[in-house]
Amino acid sequence: LVEKCQGPAYVRLTRQNLPDLSGLMQKTGAKWEATKITKLRDATAGAKKIVAFASGAGTAEAIKAADLLEGSGRSLAVYNVHSLKPFDEAGVIQAVAGADLAISVEDHSVIGGLGSCVAEALAQLDRHPKLVKFGVQDLFGESGEPDELYDQHGISGKKIAESLKKI
C-alpha cells in the first residue's frame with residue numbers, strides 16, 4: 001500500500017512479536033485488501049454479538065478476548081483494521097449489522113485513533129450498537145513490557161474479556 005501511495009504515508013511497527021493472522025483469515029474466507037477491514041473471526045450464533053475492530057497488537061488481544069468469552073453467552077466477531085486513512089466506513093457499517101455491542105481495541109490513545117474512526121462511521125446510522133473504546137485513556141505515556149502495560153490499561157485479552165462480561 002505504501003509503495004502505491006502518492007504523498008505522505010505512515011507505518012507503525014510494534015516492538016514485540018505478534019502472531020500470524022493468516023490462518024484466521026482462511027477460516028473466515030477473508031481476503032486481505034489494502035483499504036478494507038478484514039474479518040478474522042465470526043461471532044457464534046445464539047450468543048450476544050459483540051463486534052471488535054482492532055488494529056496493530058490490539059488485534060491479537062481481541063482474538064485472546066474472543067477465546068476467553070467462549071461459552072459466556074457473549075461472542076466476539078473480530079475485524080483487523082490495518083488502515084485508518086483511508087478508513088473502511090462501509091465495512092464497519094456492514095460488520096455491526098445485528099450487533100449488540102461494538103468495541104475498538106488499540107494499543108495507544110483512544111483519542112483520535114481507531115475508536116474515533118469507528119464512532120464517525122457509526123454516527124452515519126440512525127441506530128447502531130453502543131461503542132466501547134479499549135485503549136490508553138487520556139494519560140501520559142509510560143515505559144514497560146507490553147504485557148504489563150496492556151493489563152494496566154485494560155487492553156490485554158484477559159482485561160477486555162473481564163470488562164465485556166460486566167457490560
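**Figure 1. A cis bond in a loop.** P86 sits in the loop that links strand 3 and helix 3. This is a predicted model, like every view that follows. Zoom in on the peptide bond running from K85 to P86: this bond is cis, and its omega is near 5°.

**Figure 2. One side of helix 6.** Helix 6 covers residues 157-166, and its buried residues are G157, I160, A161 and L164. Those four span an arc of only 95° around the axis, which means they end up on the same side of helix 6. What do the buried residues of helix 6 pack against? They pack against strand 2 (48-54), helix 2 (57-69), strand 3 (74-80), strand 4 (101-109) and strand 5 (130-136).

**Figure 3. The largest nonpolar core.** Here we're looking at a set of 24 residues, the largest nonpolar core in the model. The residues with the most contacts inside this core are L76, V78, I103, V105, F134, I160 and L164.

**Figure 4. I160 and its contacts.** I160 is one of the buried residues of helix 6, and it is also among the residues with the most contacts inside the largest nonpolar core. Skip its neighbours within four places in sequence, and I160 is in contact with E61, A65, I103, V105, F134, G154 and I155.

**Figure 5. Where helix 2 meets helix 6.** These two helices pack at an angle of about 50°, and their axes are 7 Å apart. Helix 2 and helix 6 are therefore oblique to each other. Is their crossing left-handed or right-handed? The crossing of helix 2 and helix 6 is right-handed. On the helix 2 side, the residues that take part are E61, K64, A65, L68 and L69. They meet G157, K158, I160, A161, L164 and K165 of helix 6.

Figure 6. Which residues of helix 4 are buried? They are L114, G115, S116, C117, V118, A121 and L122. Strand 2, helix 3 (89-95), strand 4 and strand 5 are included in what covers them.

**Figure 7. V132, tucked into strand 5.** V132 has its place in strand 5. Is V132 buried or exposed? With a relative accessible area of 17%, V132 is buried, because the cut-off for buried is under 20%. Not counting residues up to four places away in sequence, V132 touches L101, A102, I103, S104 and I167. Have a look at D100 too: V132 and D100 are 32 residues apart along the chain, and their C-alpha atoms are separated by 12 Å.

**Figure 8. K48, out in the open.** K48 belongs to strand 2. Its relative accessibility is 53%, so K48 counts as exposed. Leaving out neighbours within four places in sequence, K48 is in contact with G73, R74, S75 and D100. K48 and A77 are 29 residues apart in sequence, and in space they are 10 Å apart, C-alpha to C-alpha.

Technical notes:
Residues are numbered from 1 along each chain as its sequence is written. This is a predicted model: local features need pLDDT of at least 70, side-chain atom pairs count only at pLDDT 80 or more; totals for chains, interfaces and linings use all residues. Side-chain values use heavy atoms; hydrogens and water are left out. Buried means under 20% relative accessible area, exposed over 50%, partly exposed in between (1.4 Å probe, protein chains only). The arc is that of the directions from the helix axis to the C-beta atoms. Contact means heavy atoms within 4.5 Å. A nonpolar core is a set of buried Ala, Val, Leu, Ile, Met, Phe, Trp, Tyr and Cys residues joined through side-chain atoms within 4.5 Å. Axes are lines fitted to C-alpha atoms, for helices over the stretch in contact, and angles run from 0 to 180 degrees between N-to-C directions. Angles under 35 degrees count as roughly parallel, over 145 as roughly antiparallel, 65 to 115 as roughly perpendicular and the rest as oblique. A crossing is left-handed if the near helix is turned anticlockwise from the far one by less than a right angle, and right-handed if clockwise.
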